[in-house]
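This report describes selected local features of one protein chain.

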Amino acid sequence: MPRIVMVVSNQDTYGNTNIRTANHFEEIVVAYDVFINKGFAVDFVSPDGGAVPIGYLNTTDPIQKQYIYDHTLMDLLKTTKTPSEIDPENYKAIYYSGGGAAMFGVPENKTIQNIAKTIHTNNGVVSAVCHGSAGIVHVKDKNGNPIYYGKKVNGFPNKFENSKADYFKTFSFTIEDALKDNGGNYSFSEDGWDGYFVEDGNLITGQDPTSTQAVAQAVVDYIFKNN
């Protein structure tokens, strides 16, 4: 059974503040639902392994309501693997979910960067949604360039961040600025919340939670077409 590794964060506050954050449940479960129903096995990895916080829940949404009571998924989120436990040779894709937690711990983790690099080099997919795109900011390709250099790339844009809010002050970078500054061909939907995503070869990135299903489906389509 082909495998996909999903990246989540252990962080439960914005930086060193008391402002709570979490991994975005919709961005996890919608992608997970697509992947497992297309025949993929899914593993979760986090910088520290073990349990990760989930949030941004909407239990009126049928898929979220289904998975909040899914023991298999909940067990996976309580027992995420450490980066050293992941052999990137075993995976067809890596997917970074978002939520404010994604800005902390994941982007600077060298082992997760190398997992993504190896998967990309093997013509697997590197994918991300919303703040999950923070995870690819420091990822290099086999030639040492940013994995998104000269490529279409997306992630949560500055326009929709609240730059005056306390949470925002904890960010060491913004996704839009980092991707642009490192040579990415960054674009975004001015309207937002409309499923916007971009695909450039085996790099697939989406703007916000509404992009999750399209990104996950594009990941699956790429794998089936190129393997």
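Which residues do ring pairs link into a cluster? In this predicted model, the cluster consists of Tyr-14, Phe-104, Tyr-167, Phe-168 and Phe-171, linked by ring pairs.

**Aromatic pairs**

Searching the whole structure gives 14 aromatic pairs. For Phe-104 and Phe-171, the ring centres are 6.1 Å apart and the planes lie at 55 degrees, so this pair is tilted. The pair joins distant parts of the chain, the two residues being 67 residues apart. Phe-104 belongs to the loop between strand E5 (93-96) and helix H4 (110-121), while Phe-171 belongs to the loop between strand E7 (152-153) and helix H5 (175-181).

**Buried residues**

| Residue | Relative accessible area | Class |
|---|---|---|
| Thr-13 | 12% | buried |
| Phe-104 | 11% | buried |
| Phe-171 | 12% | buried |
| Asn-202 | 6% | buried |

Thr-13 sits in the loop between strand E1 (3-7) and strand E2 (23-24). Its side chain reaches the backbone oxygen of Gly-15 at 2.9 Å. Thr-13 counts as buried because its relative accessibility of 12% falls under the 20% limit.

Asn-202 is another loop residue, placed between strand E9 (197-200) and strand E10 (203-206). Its relative accessible area is 6%, so Asn-202 is buried. Which residues does Asn-202 touch, not counting those up to four places away in sequence? They are His-120, Asn-123, Gly-124, Val-125, Val-126, Lys-151 and Tyr-222.

**Contact of H1 with H6**

Two packed helices are described by the angle between their axes and the distance between the axes. Here, helix H1 (residues 25-37) and helix H6 (residues 212-226) have axes that come within 9 Å and cross at roughly 35 degrees. The crossing of H1 past H6 is right-handed. On the H1 side, the contact is made by Glu-26, Glu-27, Val-30, Ala-31, Val-34 and Phe-35. These meet Thr-212, Gln-213, Ala-216, Gln-217, Val-219 and Val-220 of H6. By class, the residues of this contact are 7 nonpolar, 3 polar and 2 charged.

Methods. Residues numbered from 1 in each chain as written. Predicted model: local features only at pLDDT ≥ 70, side-chain atom pairs only at ≥ 80, totals over all residues. Heavy atoms only, no water. Axes fitted to C-alpha atoms, helices over the stretch in contact; angles between N-to-C directions. Helix = DSSP H or I, 4+ residues; strand = E, 2+ residues; numbered from the N terminus. Left-handed = near helix turned anticlockwise from the far one by under 90°. Contact = heavy atoms within 4.5 Å. Nonpolar A, V, L, I, M, F, W, Y, C, P; charged D, E, K, R; others polar. Buried < 20%, exposed > 50% of the residue type's maximum accessible area, 1.4 Å probe, protein only. Polar contact = N/O pair within 3.5 Å; in protein donor to acceptor, adjacent residues only side chain to side chain. Phe/Tyr/Trp six-rings, centres within 6.5 Å; stacked < 30°, edge-to-face > 60°.
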